[in-house]
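Welcome, and please open your viewer. We will go from stop to stop, selecting as we go.

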Amino acid sequence: MEIKTVKGFKDILGLDALLFNEIQRVGYDIANSFGYKLIVLPTVEYAELFDRSVGNTTDIVEKEMFTFEDKGGRTLSLRPEMTASVARSFIEHHMETNPLPLKFFYFGQCFRYENPQKGRYREFYQLGVEVLGDISPLLDIEVIQIALKIIEQFNIKNLKVKINSIGCRVCRPKYKEALTEALKPHYDELCPDCKRRLYTNPLRVLDCKKEEDSLKEILPRITNYLCDECRKHFEEVQRLLTELKIPFEVDNTLVRGLDYYTKTVFEVISEDLGAQNALLGGGRYDYLVEDLGGRKTPGVGFAMGVERFIEILKGNKFKTPEKKKLYITYDKKFGSNAFEIRNSLIPDFVVEIDPKGDSLKKQIERASKRGSDFILIMGENEVLENSISIKDLKSGNQIKIKIDELKESLKELLKDA
Ligand code: HAM
């Protein structure tokens, strides 16, 4: 029987793979330019890490984790996200002894046992940044700017930045109480999960896709309950966004599906994405490191769904910058010269050598089937004259040049091709 990919898992092929690579490259370049350092984290962690960070009454931990026992009896999970791992790594390696804040960039796969649909998979990639060790709203703005700068490199528009503040341990309990009170009369309308979470984690009702928007609209607004510190922080974030001319919208129902957030939360939404419309999400998590046993260390960051970004790029017909493809054909006697020529042209061009070196006609046929732009011909005449012919496969034009001038001539020739 043919073996296929597992439900919710997929191969990334062709154009998707090119875009995947380009997103990673641009993400790294931009984050690096903002002073962020790459961090590479393990895909498997102790399940407890996510219980204590993402939260054990969230959908992610309650329903979506790939959790298993290893042969040594440890309860492990495939990571559903990477912020918790960054915090774990920060504590484990005593990074608090460095000058703070520390700034990280990551790119890697995450796993969530969700019902697969467009833009929602069981294995997906996240590109993200995290800043640890500073409370300033300037850093909330910095991470939003990084996200937008990455998106901007791909000329993508029609995106919406939504923000909210979900307060802190001082002000959120009062809001939760008010929310529970307001929800009680609507108990019968709630989905089974929200009924269960009404007393433990009522914020999740705002996040639940099953609840009606009309219900969410009549609920108390968190921004009316913020303490002085959280209110000032949120006002400053909005002031800075306005000053920097970053269009945004305050959405008081935005609470995000992870429990570690405090103060600012945000999402970037694209109408091109359909039901799963969040391209990226993030926010502040000022207690996360402390809750995991570290020193009090505030943090802020975001993660972007790479597959969702690929969808948007394909919809916008984004073209990856590609090198010109050359194909070397040769007289069998001079096969080894072809390898030398290729060596001199890499990595400026993509260069393939014909595998057979049979008749020129057959070699040209293969070159055109492989989508080559230009053919380099090393026939007997060319080799004797220390030259090489270049054939443009589109126009059919052919010129002969000296081998010493090959690289420069190709660059000149291909400039407008
Ligand atoms: P999140 O909103 O759960 O946040 O995920 C971030 C992004 O990952 C989403 O906006 C979406 O694009 C993508 N994503 C999530 N689930 C799936 C899925 N099943 N299939 C495809 N893409 C998906 C976090 O994970 C936080 N750690 C973000 C963060 C970083 N907050 C602070 N720092």
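This tour of a predicted model visits the ligand and then some aromatic rings.

**The ligand.** Start by selecting the ligand and the 27 residues around it; Glu81, Thr83, Glu114, Glu130 and Tyr261 come nearest. Zoom in on Glu81, where a side-chain N or O atom is 2.5 Å from a nitrogen atom of the ligand. Next pick Glu114, which has a polar side-chain atom 2.7 Å from a ligand nitrogen. At Leu279, look at the backbone instead: one of its N or O atoms lies 3.0 Å from an oxygen atom of the ligand. The protein buries 96% of the 660 Å² that the ligand exposes when taken alone.

**The shell.** Now colour β6 (123–132), β10 (278–284) and β11 (299–305), each of which supplies at least two shell residues. Of the elements, β10 gives the most, with six residues. Colouring the shell by type shows twelve nonpolar, eight polar and seven charged residues.

**The rings.** There are 13 aromatic pairs in the structure. Select Phe9 and Phe66, an edge-to-face pair with centres 6.0 Å apart and 80 degrees between the planes. Phe9 lies in the segment before α1 (14–33) and Phe66 in β3 (66–69), so this pair ties together parts that are 57 residues apart in sequence. Phe9 is partly exposed, at 23% relative accessible area, whereas Phe66 counts as buried at 18%.

**Charges over rings.** Stay at Tyr113: the charged end of Arg122 sits over its ring, 3.8 Å from the centre. Finish at Tyr187, where Lys195 lies over the face of the ring, 5.5 Å from the ring centre.

Terms used
Residues are numbered from 1 along each chain as its sequence is written. This is a predicted model: local features need pLDDT of at least 70, side-chain atom pairs count only at pLDDT 80 or more; totals for chains, interfaces and linings use all residues. Side-chain values use heavy atoms; hydrogens and water are left out. A residue is near a molecule or strand if one of its heavy atoms lies within 4 Å of it. A polar contact is a pair of N or O atoms within 3.5 Å; within protein, one must be able to donate a hydrogen and the other to accept it, and residues adjacent in sequence count only if both atoms are side-chain atoms. Accessible areas come from the Shrake-Rupley method with a 1.4 Å probe; for residues, only the protein chains shown count as cover. Helices (H or I, at least four residues) and strands (E, at least two) are DSSP runs, numbered from the N terminus. Ala, Val, Leu, Ile, Met, Phe, Trp, Tyr, Cys and Pro count as nonpolar, Asp, Glu, Lys and Arg as charged, and the others, Gly among them, as polar. Rings of Phe, Tyr and Trp (its six-membered ring) pair if their centres lie within 6.5 Å; planes under 30 degrees apart count as stacked, over 60 as edge-to-face and the rest as tilted. Buried means under 20% relative accessible area, exposed over 50%, partly exposed in between (1.4 Å probe, protein chains only). A charge sits over a ring if NZ of Lys or CZ of Arg is within 6 Å of the ring centre and within 35 degrees of the ring normal.
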